[in-house]
Amino acid sequence: MKLQRIKEIQTLIIRLAIVALIAFAGYWIYHLFFKGKLVNDEIILDETPLKVEQIRSILELNTLKFQDEAVVDTVEYYKSNAEAFLGSLDKLMDIDQVKHGLSGNGIKRRLTLIMKGELLYGVDLKRKDFQFISKEDSLIIVIPKPELLSVSLNPKGTEVYIENGEWKDYERVYLQRKARHKMIATGDRLKLPERAKVPLEKALRSLVKTNKKLIIKFEE
Amino acid sequence: MKKWCFVVLLSFFAASCGDEKKVHETEVYRIRSVGMLSTTEYALGKIIKWNDEGEWYKFGDRKILLSCKATVKAGINLGAIKNADIEVKGNKITIQLPPPEIISFEMNPDLIRTEMTEVNGFRSDFSQEDKEKVLQKGEESIRKDLQKLNILDEAEQNAKIFLVDFYKNQGFEQVIVHETPKDKRNTNIDH
(Lines give C-alpha, C1' and ligand atoms only; values in the text may rest on other atoms or scores of the structure.)
Protein backbone atom coordinates (compact mmCIF):
# COMPACT_ATOMS: atom_id res chain seq x y z
CA MET A 1 0.00 0.00 0.00
CA LYS A 2 2.81 2.37 1.03
CA LEU A 3 4.86 1.42 -2.06
CA GLN A 4 1.84 2.11 -4.22
CA ARG A 5 1.47 5.62 -2.71
CA ILE A 6 5.18 6.41 -3.26
CA LYS A 7 4.84 5.35 -6.88
CA GLU A 8 1.80 7.60 -7.32
CA ILE A 9 3.68 10.56 -5.88
CA GLN A 10 6.64 9.85 -8.15
CA THR A 11 4.37 9.73 -11.18
CA LEU A 12 2.69 12.96 -10.13
CA ILE A 13 6.04 14.75 -9.70
CA ILE A 14 7.24 13.53 -13.08
CA ARG A 15 4.03 14.67 -14.76
CA LEU A 16 4.16 18.09 -13.12
CA ALA A 17 7.81 18.44 -14.11
CA ILE A 18 6.86 17.64 -17.71
CA VAL A 19 4.05 20.24 -17.62
CA ALA A 20 6.48 22.85 -16.22
CA LEU A 21 9.03 21.97 -18.89
CA ILE A 22 6.43 22.32 -21.64
CA ALA A 23 5.35 25.72 -20.22
CA PHE A 24 8.97 26.87 -20.02
CA ALA A 25 9.74 25.69 -23.55
CA GLY A 26 6.55 27.37 -24.79
CA TYR A 27 7.60 30.64 -23.19
CA TRP A 28 11.02 30.59 -24.86
CA ILE A 29 9.59 29.50 -28.20
CA TYR A 30 7.21 32.47 -28.01
CA HIS A 31 10.11 34.82 -27.29
CA LEU A 32 12.17 33.38 -30.10
CA PHE A 33 9.48 33.17 -32.76
CA PHE A 34 6.94 35.84 -31.92
CA LYS A 35 8.47 38.48 -29.72
CA GLY A 36 12.22 38.23 -29.47
CA LYS A 37 14.49 40.87 -27.99
CA LEU A 38 14.62 43.83 -30.32
CA VAL A 39 18.19 44.36 -31.37
CA ASN A 40 19.21 47.78 -32.69
CA ASP A 41 20.79 46.30 -35.81
CA GLU A 42 17.47 44.69 -36.72
CA ILE A 43 15.85 48.09 -37.10
CA ILE A 44 16.15 49.47 -40.59
CA LEU A 45 14.09 52.64 -40.86
CA ASP A 46 12.30 53.69 -44.03
CA GLU A 47 13.83 56.78 -45.63
CA THR A 48 11.97 59.95 -44.67
CA PRO A 49 13.07 63.53 -45.33
CA LEU A 50 14.55 65.73 -42.64
CA LYS A 51 12.54 68.94 -42.49
CA VAL A 52 14.27 72.20 -41.54
CA GLU A 53 11.60 74.09 -39.63
CA GLN A 54 13.59 77.09 -38.47
CA ILE A 55 17.07 78.57 -38.80
CA ARG A 56 18.15 81.08 -36.19
CA SER A 57 21.30 83.08 -35.61
CA ILE A 58 22.33 82.77 -32.00
CA LEU A 59 25.32 83.89 -30.00
CA GLU A 60 26.08 81.72 -27.01
CA LEU A 61 29.42 81.34 -25.36
CA ASN A 62 29.43 77.92 -23.69
CA THR A 63 32.14 77.50 -21.11
CA LEU A 64 31.12 74.54 -18.97
CA LYS A 65 29.91 71.15 -20.07
CA PHE A 66 28.24 68.94 -17.48
CA GLN A 67 27.58 65.29 -18.32
CA ASP A 68 25.27 63.59 -15.88
CA GLU A 69 23.42 60.31 -15.48
CA ALA A 70 20.10 59.96 -13.67
CA VAL A 71 17.99 57.00 -12.66
CA VAL A 72 14.27 57.71 -12.64
CA ASP A 73 11.77 55.21 -11.45
CA THR A 74 8.04 54.94 -10.91
CA VAL A 75 6.35 52.06 -9.11
CA GLU A 76 2.70 51.29 -8.58
CA TYR A 77 1.81 48.67 -5.95
CA TYR A 78 -1.31 46.55 -5.67
CA LYS A 79 -3.71 48.02 -3.14
CA SER A 80 -4.86 44.71 -1.65
CA ASN A 81 -3.97 41.04 -1.65
CA ALA A 82 -7.02 40.29 -3.77
CA GLU A 83 -5.93 42.82 -6.37
CA ALA A 84 -2.39 41.40 -6.26
CA PHE A 85 -3.73 37.90 -6.83
CA LEU A 86 -5.92 38.95 -9.76
CA GLY A 87 -3.17 41.16 -11.19
CA SER A 88 -0.65 38.32 -11.04
CA LEU A 89 -3.14 36.01 -12.71
CA ASP A 90 -3.66 38.61 -15.47
CA LYS A 91 0.09 38.81 -15.99
CA LEU A 92 0.35 35.02 -16.09
CA MET A 93 -2.17 35.04 -18.93
CA ASP A 94 -0.10 37.57 -20.87
CA ILE A 95 3.03 35.87 -22.14
CA ASP A 96 4.99 39.17 -22.25
CA GLN A 97 4.32 39.75 -18.58
CA VAL A 98 4.67 36.20 -17.24
CA LYS A 99 8.00 36.84 -15.55
CA HIS A 100 6.55 39.83 -13.69
CA GLY A 101 3.44 37.88 -12.71
CA LEU A 102 5.55 35.25 -11.01
CA SER A 103 7.79 37.53 -8.99
CA GLY A 104 5.20 38.08 -6.23
CA ASN A 105 6.67 41.34 -4.93
CA GLY A 106 3.38 43.26 -4.89
CA ILE A 107 4.40 45.50 -7.79
CA LYS A 108 1.59 46.26 -10.19
CA ARG A 109 3.61 48.34 -12.66
CA ARG A 110 7.15 49.64 -12.74
CA LEU A 111 9.12 51.71 -15.22
CA THR A 112 12.77 52.53 -14.63
CA LEU A 113 14.89 54.61 -16.98
CA ILE A 114 18.59 55.33 -16.91
CA MET A 115 19.28 58.61 -18.67
CA LYS A 116 22.49 60.26 -19.73
CA GLY A 117 22.35 63.99 -20.35
CA GLU A 118 24.54 66.94 -21.20
CA LEU A 119 24.09 70.44 -19.83
CA LEU A 120 25.88 73.48 -21.22
CA TYR A 121 26.49 76.61 -19.17
CA GLY A 122 27.65 79.97 -20.45
CA VAL A 123 26.35 83.34 -21.58
CA ASP A 124 23.71 84.21 -24.12
CA LEU A 125 25.12 87.25 -25.90
CA LYS A 126 22.02 87.75 -28.05
CA ARG A 127 20.08 88.67 -24.97
CA LYS A 128 22.80 90.82 -23.46
CA ASP A 129 26.04 91.70 -25.22
CA PHE A 130 29.50 92.52 -23.85
CA GLN A 131 30.20 96.07 -22.81
CA PHE A 132 33.67 97.39 -23.59
CA ILE A 133 34.83 100.26 -21.39
CA SER A 134 38.20 101.58 -22.51
CA LYS A 135 40.13 103.62 -19.98
CA GLU A 136 43.60 105.11 -20.19
CA ASP A 137 45.48 102.12 -18.81
CA SER A 138 42.81 99.41 -18.76
CA LEU A 139 40.13 97.75 -20.79
CA ILE A 140 37.08 96.68 -18.82
CA ILE A 141 34.74 94.07 -20.28
CA VAL A 142 31.39 93.68 -18.56
CA ILE A 143 29.70 90.39 -19.34
CA PRO A 144 26.41 88.81 -18.27
CA LYS A 145 26.47 86.17 -15.55
CA PRO A 146 26.69 82.57 -16.86
CA GLU A 147 23.50 80.52 -16.89
CA LEU A 148 22.20 77.19 -18.13
CA LEU A 149 21.98 77.37 -21.92
CA SER A 150 21.01 73.91 -23.06
CA VAL A 151 19.97 70.51 -21.76
CA SER A 152 20.39 67.55 -24.10
CA LEU A 153 18.56 64.36 -23.18
CA ASN A 154 18.38 62.18 -26.23
CA PRO A 155 17.08 58.69 -27.06
CA LYS A 156 20.68 57.55 -27.55
CA GLY A 157 21.36 58.21 -23.88
CA THR A 158 18.12 56.61 -22.67
CA GLU A 159 17.89 53.05 -21.45
CA VAL A 160 14.62 51.41 -20.43
CA TYR A 161 15.98 49.34 -17.57
CA ILE A 162 12.76 47.81 -16.20
CA GLU A 163 9.36 47.81 -17.88
CA ASN A 164 6.83 45.90 -15.83
CA GLY A 165 3.23 46.31 -16.98
CA GLU A 166 1.90 48.52 -19.73
CA TRP A 167 3.08 52.12 -19.96
CA LYS A 168 1.82 55.01 -22.03
CA ASP A 169 4.05 57.51 -23.84
CA TYR A 170 3.07 60.40 -21.55
CA GLU A 171 4.14 58.37 -18.53
CA ARG A 172 7.58 57.78 -20.05
CA VAL A 173 7.83 61.48 -20.95
CA TYR A 174 6.96 62.37 -17.36
CA LEU A 175 9.92 60.29 -16.16
CA GLN A 176 12.22 61.88 -18.74
CA ARG A 177 11.12 65.32 -17.54
CA LYS A 178 11.89 64.19 -14.00
CA ALA A 179 15.41 63.16 -15.08
CA ARG A 180 15.90 66.57 -16.70
CA HIS A 181 14.86 68.37 -13.49
CA LYS A 182 17.14 66.12 -11.48
CA MET A 183 20.15 66.98 -13.65
CA ILE A 184 19.40 70.71 -13.49
CA ALA A 185 19.10 70.44 -9.70
CA THR A 186 22.46 68.64 -9.51
CA GLY A 187 24.02 71.40 -11.64
CA ASP A 188 22.62 74.05 -9.30
CA ARG A 189 23.81 72.15 -6.25
CA LEU A 190 27.30 71.96 -7.72
CA LYS A 191 27.07 75.73 -8.38
CA LEU A 192 27.87 75.24 -12.04
CA PRO A 193 26.66 78.67 -13.24
CA GLU A 194 29.17 80.16 -10.80
CA ARG A 195 31.91 77.73 -11.83
CA ALA A 196 31.36 78.64 -15.49
CA LYS A 197 32.81 82.10 -14.77
CA VAL A 198 36.47 80.99 -14.63
CA PRO A 199 36.58 79.30 -18.07
CA LEU A 200 34.57 82.22 -19.46
CA GLU A 201 37.23 84.66 -18.24
CA LYS A 202 39.93 82.39 -19.65
CA ALA A 203 38.24 82.21 -23.07
CA LEU A 204 37.91 85.98 -23.19
CA ARG A 205 41.51 86.61 -22.13
CA SER A 206 42.74 84.35 -24.93
CA LEU A 207 40.64 86.27 -27.46
CA VAL A 208 41.28 89.84 -26.39
CA LYS A 209 44.47 91.37 -27.72
CA THR A 210 45.38 94.58 -25.90
CA ASN A 211 48.36 96.23 -24.29
CA LYS A 212 46.15 97.61 -21.56
CA LYS A 213 45.31 95.85 -18.34
CA LEU A 214 42.29 93.64 -18.96
CA ILE A 215 39.58 93.62 -16.33
CA ILE A 216 36.60 91.27 -16.69
CA LYS A 217 33.52 92.03 -14.65
CA PHE A 218 30.26 90.12 -14.37
CA GLU A 219 26.95 91.95 -14.30
CA GLU A 220 25.23 91.93 -10.93
CA MET B 1 -0.82 16.71 -2.33
CA LYS B 2 -1.05 17.44 -6.04
CA LYS B 3 -1.76 21.10 -5.27
CA TRP B 4 1.29 21.32 -3.01
CA CYS B 5 3.57 19.84 -5.63
CA PHE B 6 2.20 22.31 -8.17
CA VAL B 7 2.84 25.26 -5.80
CA VAL B 8 6.42 24.06 -5.14
CA LEU B 9 7.11 23.75 -8.86
CA LEU B 10 5.53 27.12 -9.59
CA SER B 11 7.66 28.77 -6.87
CA PHE B 12 10.76 27.19 -8.35
CA PHE B 13 9.76 28.44 -11.79
CA ALA B 14 9.01 31.91 -10.37
CA ALA B 15 12.38 32.11 -8.66
CA SER B 16 14.14 31.33 -11.90
CA CYS B 17 12.13 33.82 -13.97
CA GLY B 18 11.74 36.83 -11.65
CA ASP B 19 13.80 39.77 -12.89
CA GLU B 20 13.03 42.60 -10.51
CA LYS B 21 16.45 44.18 -10.64
CA LYS B 22 17.52 46.50 -7.88
CA VAL B 23 18.19 50.04 -8.93
CA HIS B 24 21.09 51.67 -7.21
CA GLU B 25 21.38 55.39 -7.51
CA THR B 26 24.85 56.79 -7.60
CA GLU B 27 26.03 60.14 -8.78
CA VAL B 28 27.97 59.84 -11.98
CA TYR B 29 28.94 63.08 -13.54
CA ARG B 30 31.69 64.84 -15.42
CA ILE B 31 32.38 68.55 -15.53
CA ARG B 32 34.55 69.94 -18.30
CA SER B 33 35.64 73.48 -19.16
CA VAL B 34 35.02 74.33 -22.77
CA GLY B 35 35.10 77.45 -24.92
CA MET B 36 32.43 76.89 -27.55
CA LEU B 37 30.77 79.71 -29.40
CA SER B 38 27.37 78.64 -30.75
CA THR B 39 26.26 80.84 -33.60
CA THR B 40 23.55 78.94 -35.50
CA GLU B 41 20.54 76.99 -34.36
CA TYR B 42 18.45 74.69 -36.55
CA ALA B 43 15.04 73.38 -35.54
CA LEU B 44 14.41 70.11 -37.37
CA GLY B 45 11.46 67.78 -37.75
CA LYS B 46 11.36 64.17 -38.85
CA ILE B 47 8.92 61.31 -39.18
CA ILE B 48 10.45 58.05 -38.06
CA LYS B 49 8.90 55.18 -39.96
CA TRP B 50 9.56 51.52 -39.27
CA ASN B 51 7.90 48.56 -40.85
CA ASP B 52 8.87 45.56 -38.73
CA GLU B 53 8.26 42.57 -40.94
CA GLY B 54 10.32 40.40 -38.65
CA GLU B 55 12.07 37.22 -39.63
CA TRP B 56 10.40 34.44 -41.63
CA TYR B 57 9.60 32.55 -38.45
CA LYS B 58 7.76 35.48 -36.84
CA PHE B 59 4.07 35.40 -37.67
CA GLY B 60 2.67 38.80 -38.58
CA ASP B 61 4.14 42.26 -38.88
CA ARG B 62 3.93 45.60 -37.13
CA LYS B 63 4.32 49.21 -38.16
CA ILE B 64 5.11 52.37 -36.26
CA LEU B 65 5.21 56.08 -37.13
CA LEU B 66 6.82 58.48 -34.69
CA SER B 67 7.22 62.22 -35.13
CA CYS B 68 10.04 64.09 -33.45
CA LYS B 69 11.79 67.44 -33.33
CA ALA B 70 15.46 68.15 -32.84
CA THR B 71 17.33 71.34 -32.03
CA VAL B 72 20.90 71.52 -33.22
CA LYS B 73 23.41 74.23 -32.38
CA ALA B 74 26.63 74.73 -34.31
CA GLY B 75 29.56 77.06 -33.91
CA ILE B 76 33.28 77.10 -33.33
CA ASN B 77 35.58 75.99 -30.56
CA LEU B 78 37.28 79.14 -29.31
CA GLY B 79 39.48 76.98 -27.12
CA ALA B 80 41.13 75.65 -30.27
CA ILE B 81 42.43 79.11 -31.20
CA LYS B 82 46.11 79.23 -30.30
CA ASN B 83 48.25 82.33 -29.86
CA ALA B 84 49.86 81.63 -33.21
CA ASP B 85 46.41 81.82 -34.86
CA ILE B 86 46.06 85.51 -33.97
CA GLU B 87 48.38 88.03 -35.55
CA VAL B 88 48.32 91.71 -34.63
CA LYS B 89 49.98 94.41 -36.74
CA GLY B 90 49.09 97.89 -35.52
CA ASN B 91 45.38 98.36 -36.12
CA LYS B 92 45.06 95.22 -38.20
CA ILE B 93 44.28 91.80 -36.74
CA THR B 94 44.32 88.50 -38.62
CA ILE B 95 42.76 85.41 -37.10
CA GLN B 96 42.67 81.80 -38.23
CA LEU B 97 39.28 80.32 -37.41
CA PRO B 98 39.01 76.70 -36.18
CA PRO B 99 36.62 74.48 -38.18
CA PRO B 100 32.93 74.81 -37.35
CA GLU B 101 31.32 71.93 -35.51
CA ILE B 102 28.06 70.73 -34.01
CA ILE B 103 27.98 71.91 -30.41
CA SER B 104 24.72 70.52 -29.09
CA PHE B 105 21.99 68.18 -30.26
CA GLU B 106 18.70 67.89 -28.46
CA MET B 107 15.65 65.74 -29.13
CA ASN B 108 13.16 67.00 -26.60
CA PRO B 109 11.13 64.03 -25.25
CA ASP B 110 8.10 66.36 -24.91
CA LEU B 111 8.08 66.78 -28.69
CA ILE B 112 8.19 63.09 -29.56
CA ARG B 113 4.84 61.58 -30.50
CA THR B 114 3.63 58.14 -31.53
CA GLU B 115 1.46 58.98 -34.55
CA MET B 116 0.42 55.45 -35.47
CA THR B 117 1.04 51.81 -34.64
CA GLU B 118 -0.37 48.73 -36.32
CA VAL B 119 0.22 45.20 -35.09
CA ASN B 120 -0.85 42.14 -37.07
CA GLY B 121 -0.77 38.40 -36.55
CA PHE B 122 0.79 37.08 -33.38
CA ARG B 123 3.21 39.98 -32.92
CA SER B 124 3.26 41.85 -29.63
CA ASP B 125 2.52 45.56 -29.34
CA PHE B 126 5.36 48.10 -29.17
CA SER B 127 6.66 48.44 -25.64
CA GLN B 128 8.36 51.62 -24.38
CA GLU B 129 11.66 49.79 -24.77
CA ASP B 130 10.88 49.02 -28.43
CA LYS B 131 9.92 52.65 -29.07
CA GLU B 132 13.09 53.90 -27.42
CA LYS B 133 15.16 51.66 -29.70
CA VAL B 134 13.33 52.92 -32.79
CA LEU B 135 13.94 56.50 -31.60
CA GLN B 136 17.63 55.76 -31.14
CA LYS B 137 17.77 54.72 -34.78
CA GLY B 138 15.86 57.89 -35.70
CA GLU B 139 18.37 60.01 -33.81
CA GLU B 140 21.20 58.27 -35.63
CA SER B 141 19.50 59.01 -38.94
CA ILE B 142 19.03 62.74 -38.10
CA ARG B 143 22.67 63.04 -37.06
CA LYS B 144 23.75 61.48 -40.38
CA ASP B 145 21.48 63.85 -42.35
CA LEU B 146 23.03 66.87 -40.65
CA GLN B 147 25.97 66.55 -43.00
CA LYS B 148 23.67 67.35 -45.91
CA LEU B 149 22.53 70.60 -44.30
CA ASN B 150 24.22 73.98 -44.53
CA ILE B 151 24.48 74.36 -40.77
CA LEU B 152 28.28 74.33 -40.53
CA ASP B 153 28.75 76.94 -43.27
CA GLU B 154 26.23 79.23 -41.62
CA ALA B 155 27.81 78.73 -38.20
CA GLU B 156 31.18 79.69 -39.65
CA GLN B 157 29.81 82.83 -41.32
CA ASN B 158 28.07 83.91 -38.11
CA ALA B 159 31.24 83.28 -36.09
CA LYS B 160 33.15 85.50 -38.53
CA ILE B 161 30.60 88.30 -38.08
CA PHE B 162 30.90 87.98 -34.30
CA LEU B 163 34.71 88.13 -34.33
CA VAL B 164 34.80 91.13 -36.66
CA ASP B 165 32.41 93.01 -34.33
CA PHE B 166 34.30 91.81 -31.27
CA TYR B 167 37.67 93.13 -32.49
CA LYS B 168 36.21 96.33 -33.93
CA ASN B 169 34.75 97.03 -30.48
CA GLN B 170 38.30 96.72 -29.14
CA GLY B 171 39.51 99.42 -31.55
CA PHE B 172 40.91 97.39 -34.45
CA GLU B 173 40.23 98.99 -37.81
CA GLN B 174 40.88 96.00 -40.02
CA VAL B 175 39.85 92.47 -39.03
CA ILE B 176 40.68 89.57 -41.33
CA VAL B 177 39.26 86.16 -40.52
CA HIS B 178 40.53 83.06 -42.34
CA GLU B 179 38.37 79.94 -42.49
CA THR B 180 39.55 76.34 -42.20
CA PRO B 181 39.32 74.43 -45.51
CA LYS B 182 36.17 72.33 -45.71
CA ASP B 183 38.07 69.05 -46.07
CA LYS B 184 39.62 69.59 -42.64
CA ARG B 185 36.27 69.79 -40.88
CA ASN B 186 35.28 67.34 -38.19
CA THR B 187 32.77 64.87 -39.62
CA ASN B 188 32.04 63.18 -36.31
CA ILE B 189 28.29 62.96 -35.72
CA ASP B 190 28.48 61.88 -32.07
CA HIS B 191 28.97 65.03 -30.04
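Domain bounds here come from an automatic or database domain assignment. The model is a predicted one. On that basis chain A is divided into domain 1, residues 1–36, and domain 2, residues 60–76 + 109–218. The centres of domain 1 of chain A and domain 2 of chain A, taken over C-alpha atoms, are separated by 57 Å.

In chain A, helix α6 spans residues 197–207, and its buried residues are P199(A), L200(A) and A203(A). These residues lie on the same side of α6(A), because they cover an arc of only 105° around the axis. In general, an α-helix has 3.6 residues a turn, so residues three or four places apart point the same way.

K191(A) sits in the loop between α4 (169–189) and α5 (192–195) of chain A. Its phi is positive, about 55°, although K191(A) is not a glycine. Most residues other than glycine have a negative phi. K191(A) counts as exposed because it has 9 C-beta neighbours inside 10 Å, and the cut-off for exposed is 12 or fewer.

**Contact between chains A and B**

In this contact, 72 residues of chain A meet 79 residues of chain B. Elements of chain A that each supply at least two residues to the side touching chain B include α1 (2–35), β2 (107–124), β5 (147–164) and α6. β1(A) gives the most to that side, with 22 residues. The table lists the classes of residues on the side of chain A that touches chain B.

| Class | Side of chain A that touches chain B |
|---|---|
| Nonpolar | 36 residues |
| Polar | 19 residues |

Methods:
Residues are numbered from 1 along each chain as its sequence is written. Chains are lettered from A and ligands numbered from 1 in the order in which they are written. This is a predicted model: local features need pLDDT of at least 70, side-chain atom pairs count only at pLDDT 80 or more; totals for chains, interfaces and linings use all residues. Helices (H or I, at least four residues) and strands (E, at least two) are DSSP runs, numbered from the N terminus. A residue is buried if 20 or more other C-beta atoms lie within 10 Å of its own, exposed if 12 or fewer, and partly exposed in between; C-beta atoms are placed from the backbone. The arc is that of the directions from the helix axis to the C-beta atoms. Two residues are in contact if their C-beta atoms, placed from the backbone, lie within 7 Å. Ala, Val, Leu, Ile, Met, Phe, Trp, Tyr, Cys and Pro count as nonpolar, Asp, Glu, Lys and Arg as charged, and the others, Gly among them, as polar.
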